[in-house]
Each structure stands twice: as C-alpha cells, then as structure tokens.
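Subject: Structure for your review

Dear colleague,

Please find below the structure that I am handing over to you. My notes on what was found in it follow directly after.

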Amino acid sequence: MGNTEKSSWTRRDFLLGMGATATGMALSSCGISGDRSAKGLTEEALAVQPVVDPKSLEKPNITVGYVPVNDCAPFAIAWKKGFFRKYGLNVTLNREASWATSRDGIIFGRLDASPVVSGAVTNARIGAEGARHAPLCAAMTIHRHGNAMTMNRSMWDFGIRPWRDYNGDLQTFGRDFRRYFESQSAENKVWAVVLSSAIYEYFVRYLSAAAGVNPLAEFRIIIVPPPQMVTNVRIGAMQAYMVAEPWNTRAIKGNEGVGFSFAQGKEIWQGHPDRLLGVMESFITNYPKTYRSLVKAMIEACQYCSKPENRQEVAQLITDRSFTGAKPKKGPIDKFTRPAIVGDYNYGGFDDKQRIVNSEDTTIFFDLPANLARISGDHSTFLWQSESIWLMTQAARWGQIKEFPKNAEQLARKGWKTDLYREIATEMGIQCPQEDYKVEPATVFIDNKEFNPSDPVGYLNSFEIRANSLTNIFMS
C-alpha cells in the first residue's frame, strides 16, 4: 500500500460498528416519530366482496409489517385496493423503523409476516454470523431491483463517476476506486447498508472485490435504517451507502444534493431478488389457509404494481406519511418515489450531464421485461432456490460461516418454499417454472462471472478476494 496507512477491519469491528450506529448516528428528519402506520380500511377496500370467508381461515386477523421504502408499494396497494379483504384477511399494517425490526418482529412474534431483506431467510437457516438464527421462511419475492449505491460528493470530486459512465470498464473503475481508498484516512472509509449478513452487504463487498479492493481490510460497513441514510452522509458520518429507493434519489443534486447514485443493484446482479415475504415456519404450519390467502393477496398486489398504467398511482400512494413519507418541499409529490417505480431513473452527478435512464426493469414487481424473461413461466414473485444458494456462497466468501454448507440444497428448500408457491400460484391460474435452480449467466454480473448452482464450491473458490484468503491486495 506504499506509504498509505492500512486499516484492517475484522468481523468483530463490523458488528461493533452496528452497535455504534444504533447509539451514535444522527437521526434523519424523516425518521420514525410515533406510529405512522396505515389505519382502518379505505372505501375502495370496503367495497370489495371477499372470495374467501374469513371464518374459514385459522387466523383472519393478522399483523403485517413494512418499512418506509419504495418496496412497501405492494403492501400499500393490498391495503388500499382491498386485496387483503378479498382473501378473507383483516390486516393491521405496522410501519417498522428498520429492516432489523421488520425481521425481528416476525421472529419474536410481534408480526405475523413482514418483508425481509434478501439473505435474511437464508442466513437465519445456515446460522451466519451477524444474522438472527431462526426457522424463517418465504414463499415469494416482493420485488426485484429497486435499490442503488449512493456515493458522497467527495468521491465524485475525487473522480469517481456512476458505473454507467465507465461503459463496463471494470479496470478503469477499479483504478479510480483503489486510488480513492489510498487517499483516505480510516474515518473516511465507512459504508452503510440496511442489515448485516444480507444482499446489500454482499453487493458492496462484491463490487469492491471486483475492483481489486479488499473490503475486509479497507473499509468498515455499518448498519443504518433507510430514512437516516441521507442525513448521515450530509454530516460526514459515512461516505457511501446502499439502500432501496427513494433514499438514493433523494440524495442527488436537485434534491438533497449530498451525493450521486453510483450504480443500481441490478448493475451488480441483474435479476436479483431484493425483498421476500417473510414468516416463521410455524405460521405456515399452524395457519396454512391463512398463509395461502396472504400470499394470494400479495401476488395480486404485485401484479397491480407491475402494470405500467398503474405505476404513477403507486408512486404517488407511497408518498403518504403512512408509507415512505417522502414528499419534497417543492416539485411533484412523487419526485422522490417516481423514478424507481415508473422507470425514469436519474443517477445524478455534479456536472451538467443528463443521466436519466428509462428502463422497464428499474423495479420489478411481477412481469419480467424481455431482457430477463429467459425461462417459460418465470415472473418476479417466483423464488428460485438457486438464488438462496448464491447467498450462501457469499456468506462463506466473507467469513460469516466457516464453510459452505454440505446440506445447502436442503436448507434452501426449507427456507424458500418454492413448491408451496407453485401450488398457490397454480390455484390462481399462474404458470410457474418447473425447476428450482437456474444458471445465472456471466452477463448478469458486474464482473462477468457465471454462477452455476451445481458447483457452488467451485464458484466460491474462484474468487481471489475472500475471507481467509492468502491473497494480498496492493493499492497502486
């Protein structure tokens, strides 16, 4: 590393950082204050005639969590449009302060169901360090994509640009990225994600390693709730973060002006699952009819959110104080929520270049755009167990488990209830893929490395930068 001081961060440092975040970070002006949860039923929902008799369900009255980010959209729609009521459910929606409380609310019984960050279910099953260990389950994805990495103004001033400006040139980006870290003191090497041992942490580490920077040695990752991200970048508590929208769009020039979107998560892994509908295994066992109703309601809500003609309405609905509360002081009401929902995504920047990209796959709720529709019957809410296997490879890669599980397929099957989803979807007339595993081609990953779930250990060993690796990384 030349004359630059090297800072070595251990897994213990990471976990300590989580605790420091909880007590030391400043709260955003958009933080949770009091109960803002959606209350009662809308007139539109009350007009819906149930197709399932609530008396036929084991537990028709349930509490479902959500977090104030764009992916609360299907929950907001299911509540407003009466999809919960249609399937015999009386749902109390509960706004959660963070992704940790969303997950823990399920585990400790405060919530019956709630969205969880991709990785939370898998790592609960494999006993990964930094994850809650519990029999969590999921039968469906809430959405794919819809997230991004934000970097602060100093990273821009140093010369780093949005990934799309590099036109796929990982070598040039790696040079800029390495030189930035070489120039920084330890306190200016802090990234935030929303949950430990989950996909955003893996994406930050994956990107860094692909660029030739060892994320276990060169910076800290801390945990910050989504509404606190922008403020903590503004005060210099961290230099970058990864979070679901609208908290990246909110940061760019013309909005809060504290940073720019470096890359959407889909540019790290195109097609990745972002949020799953989490429950405890006991909920499925004890209330099977109730669970089926819940999944059906959420599938219909995701289908509604997916339709292009509905997306403007969805973007406006979730600006409500009960959901994201992300309303600008000036401009259209959906200025922050619209770009990722409608698909006119603005990366921002501190020059005069226009970086607005129109895309059908900015956030995917149900229908897959043509560039991802490779398998008959595939759609966004379908859970591929091979994606759970990929998450296990990353837990092993970064030292959260000692070795890749020998019973990985069994663990994936227990946590990701693909067969149950097929049954439920078939009852709704929805076609599904008949396989549980698929190969992720090299073209969908930022480093052009194929993932074949038939050889996860070989895939894991193909990475030079990983925990317990003998590889030395030099900054040049």
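Is Ser197 buried or exposed? Ser197 is buried, with a relative accessible area of 1%; here buried means under 20% relative accessible area, exposed over 50%, and partly exposed in between, with a 1.4 Å probe and protein chains only.

Before going further, please note that this is a predicted model, in which local features need pLDDT of at least 70 and side-chain atom pairs count only at pLDDT 80 or more, while totals for chains, interfaces and linings use all residues. Residues are numbered from 1 along each chain as its sequence is written, and side-chain values use heavy atoms, with hydrogens and water left out.

Overall architecture

The protein contains 19 helices and 13 strands; these are DSSP runs numbered from the N terminus, helices being H or I with at least four residues and strands E with at least two. Its radius of gyration is 21 Å, close to the 23 Å given by the globule rule for 476 residues, so the protein is as compact as a globular protein of that length. That radius is taken over C-alpha atoms, and the globule rule is 2.2 Å times the number of residues to the power 0.38. Along its principal axes, the C-alpha trace spans about 70 × 55 × 45 Å. Of the 476 residues, 61% are buried. Among contacts (heavy atoms within 4.5 Å) between residues at least 6 apart in sequence, 76% join residues at least 24 apart.

Backbone features

Ser197 lies in the loop between β6 (190-193) and α9 (199-210). Although it is not a glycine, Ser197 has a positive phi of about 50°. Asn448 is another residue other than glycine with a positive phi, near 55°. Asn448 sits in the loop between α18 (418-427) and α19 (456-461), and at 53% relative accessibility it counts as exposed.

The peptide bond from Glu245 to Pro246 is cis, with omega near 20°. Pro246 belongs to the loop between β8 (240-244) and β9 (259-264). Pro246 is also one of the residues that Thr337 touches, not counting residues up to four places away in sequence; Asn70 and Ala315 are among the others. Thr337 itself is in the loop between α14 (311-317) and α15 (338-342) and is buried at 0% relative accessibility.

Buried parts

Which residues of helix α5 are buried? They are Trp99, Ser102, Arg103, Asp104, Gly105, Ile106 and Ile107, which is seven of the nine residues in this helix (99-107). Their cover includes β3 (114-117), α6 (120-126), β4 (136-145) and β10 (273-280).

Met149, in strand β5 (residues 147-152), is buried with a relative accessible area of 1%. Not counting residues up to four places away in sequence, Met149 touches residues including Trp191, Phe203, Tyr241 and Phe262. The C-alpha atoms of Met149 and Gly265 are 7.2 Å apart, although 116 residues separate the two along the chain.

Cysteines

How many disulfides does the structure hold? It holds zero disulfides, a disulfide being a pair of cysteine sulfur atoms within 2.5 Å. The sulfur of Cys72 is 9.2 Å from the closest cysteine sulfur, in Cys305, which is too far for a bond. Cys302 is in no disulfide either, and the nearest cysteine sulfur, that of Cys305, is 6.3 Å away. Cys72 is buried at 1% relative accessibility, and Cys302 is buried at 0%.
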